[in-house]
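Okay, thanks for coming, everyone.

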Amino acid sequence: VAKLKQEMAEEGVAEQSVAISFDTAQLKRSTEQVPEMALGFLGGVAGSGNVLNDVRVVLGATQANNSTFNPSYGGLSRATMEAAKHRGTTFWPWTLNTQADFYKFYSWGTHGLTTDYAKWASDFPVEITPAAVPAKLDLNTPVLLDVKLTTQVGNVSTQPATEMVLVGGTAQGQMLKDGSVLFTSAGTAVVMPSY
């Protein structure tokens, strides 16, 4: 840890770095010596099938080690991950080396994926901006908005938003199951699209 601290100080990258370890003593030393560096606990199994028990395991490991949870992905369920994410835990499972597993965990909203094939995500969207926004919409008519997507490698495309959230304004509206929004009264609206 001391050598790592010295090398990161020389490069000025401690706040941009993440150290991961199976050794909890190393994580504790890292917290003491380089508190600005993020940590990840490699290991920990949360695959009992009981979400409440699994979340306790996850929280016990992450809180004790001031770290992310970096389990082998095989026993990690979506339900456990969702429950623990809502309690502040980030997940970085390893090692996802099949495209099916990679895409499955990515679609679950995993915070970070450990893989030997990062190229699989090179054309994933990393920026979303509204495309042409109509100035006026018809009442009682569902609408989907287009978004402009920019990928990691710089490709740009326009796609329909897959979901929208009404976050403010004076117009009354409701979100529909297909991801569209339906306004039932006149006014202004602030809508956040997602993809």
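I'll start with the ground rules, then go to the packing, and finish with the pockets.

So, this is a predicted model: local features need pLDDT of at least 70, side-chain atom pairs count only at pLDDT 80 or more, and totals for chains, interfaces and linings use all residues. Residues are numbered from 1 along each chain as its sequence is written, and side-chain values use heavy atoms, with hydrogens and water left out.

First, packing. By nonpolar core I mean a set of buried Ala, Val, Leu, Ile, Met, Phe, Trp, Tyr and Cys residues joined through side-chain atoms within 4.5 Å. Buried is under 20% relative accessible area, exposed is over 50%, and partly exposed is in between, with a 1.4 Å probe and protein chains only. The largest core has 22 residues, and M37, V58, F69 and F91 have the most contacts inside it. Strand 2 (38-42), helix 3 (51-65) and helix 4 (78-85) each give two or more residues to this core, and helix 3 gives the most, four. Helices (H or I, at least four residues) and strands (E, at least two) are DSSP runs numbered from the N terminus.

What does M37 touch, leaving aside its neighbours within four places in sequence? M37 is in contact (heavy atoms within 4.5 Å) with L4, M8, A14, S17, V18, A19 and S30. Another core, of nine residues, lies apart from that one, and its members include L145, V147, M164 and A171.

Now, A2 sits in helix 1 (residues 2-11). Buried or exposed? A2 counts as exposed, because its relative accessibility is 52%. A2 and S30 are 28 residues apart in sequence and 8.5 Å apart in space, C-alpha to C-alpha.

On to pockets. On a 1 Å grid over the protein atoms alone, a pocket is an open set of points where a 1.4 Å probe fits, with protein on both sides within 12 Å along at least five of seven lines; lining residues have an atom within 4 Å of a point. The largest is lined by 21 residues, with P134, A135, L137, F183 and A189 nearest its centre. Strand 10 supplies the largest share of that lining, four residues.

The second largest pocket is lined by Y106, S107, F124, P125, V126, E127, I128, L149 and Y195. Here the largest share, again four residues, comes from strand 4.
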